[in-house]
Amino acid sequence: MSHGIQLQPVPYDHPDAVKLSDQVQLEYQARYDDGEGDATYLDPGMFAPPRGLYLLAYDAQGAPVASGGWRSQDENEEGYADGDAELKRMYVIPEARGLGLARRILAALEDDARAAGRTRMVLETGDQQPEAIALYLSSGYGMSAKFGHYRFHDSSRCMTKPLRPSS
């Protein structure tokens with residue numbers, strides 16, 4: 001399964017994080033045929049604990065194979081609510097898919113956001129990412145009203161999940 005895979009918190013601008021972020025952008029461009037990828041503005045400070053967290057998964061050889069992060073959002077004109085944690089840059093390189101890495105990163109990010117006092121995990125994906133939508137649905141997410149940078153795009157799909165304190 002995912003033996004020897006280590007999750008490591010890193011800054012968003014860490015070279016390995018940048019490498020995977022560039023790969024995910026290429027994949028978005030290919031899937032959505034729009035040449036821009038995800039144009040949402042992201043700053044490394046947005047993922048700095050305790051207001052966020054950025055994780056990379058490294059394989060046994062020390063190569064980065066997956067990423068994911070969350071950043072705090074509060075009520076604003078883009079449709080977020082106070083207490084939101086927004087999932088960004090969830091990505092698994094093609095060679096490492098099917099090992100449960102996305103699910104593992106997702107669970108770690110949810111736990112961290114919950115511990116930081118966030119009350120809802122929110123994410124935006126798209127209709128050309130059926131695997132992502134299936135992962136989130138099977139992890140307790142539901143479709144929601146649109147928010148964020150792509151809220152006016154037809155292909156945009158927004159999902160949310162309450163982060164209840166672990167009792």
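Analyst: Let's start with a handy sorting rule: Ala, Val, Leu, Ile, Met, Phe, Trp, Tyr, Cys and Pro count as nonpolar, Asp, Glu, Lys and Arg as charged, and the others, Gly among them, as polar. This is a predicted model, where local features need pLDDT of at least 70, side-chain atom pairs count only at pLDDT 80 or more, and totals for chains, interfaces and linings use all residues. Residues are numbered from 1 along each chain as its sequence is written, and side-chain values use heavy atoms, with hydrogens and water left out.

User: How many residues of the lining of the largest pocket are charged?
Analyst: A pocket is an open set of points on a 1 Å grid over the protein atoms alone, with protein on both sides within 12 Å along at least five of seven lines, and lining residues have an atom within 4 Å of a point. The largest pocket is lined by 37 residues. Of these, 16 are nonpolar and 9 are polar, and the number of charged residues is 12.

User: Which element gives the most to the lining of the largest pocket?
Analyst: Helices (H or I, at least four residues) and strands (E, at least two) are DSSP runs, numbered from the N terminus. Helix 1, strand 4, helix 2, strand 5 and helix 3 each supply at least two lining residues. With 7 residues, the element that gives the most is strand 4.

User: How many Å separate the C-alpha atoms of R118 and G83?
Analyst: R118 lies in the loop between helix 2 and strand 5, and counts as buried at 10% relative accessibility. R118 and G83 are 35 residues apart along the chain, yet the separation of their C-alpha atoms is 4.7 Å.

User: How many residues apart in sequence are the parts that the pair of Y80 and F147 ties together?
Analyst: Rings of Phe, Tyr and Trp (its six-membered ring) pair if their centres lie within 6.5 Å, and planes under 30 degrees apart count as stacked, over 60 as edge-to-face and the rest as tilted. The whole structure holds 5 aromatic pairs, and one of them is the tilted pair of Y80 and F147, at 5.2 Å centre to centre and 45 degrees between the planes. Y80 lies in the loop between strands 3 and 4 and F147 in the loop between strands 6 and 7, so the parts tied together are apart in sequence by 67 residues.

User: What kind of aromatic pair do Y136 and Y141 form?
Analyst: Y136 is buried at 6% relative accessibility, and Y141 is buried at 4%. With 5.6 Å centre to centre and 65 degrees between the planes, their pair is edge-to-face.

User: What is the volume of the largest cavity?
Analyst: On that grid, a cavity is a set of points where a 1.4 Å probe fits but cannot get out. Y80 and F147 return here, among the residues that line the largest cavity. Its volume, the space filled by probe spheres set on grid points joined across faces, edges and corners, is about 40 Å³.

Terms used. Buried means under 20% relative accessible area, exposed over 50%, partly exposed in between (1.4 Å probe, protein chains only).
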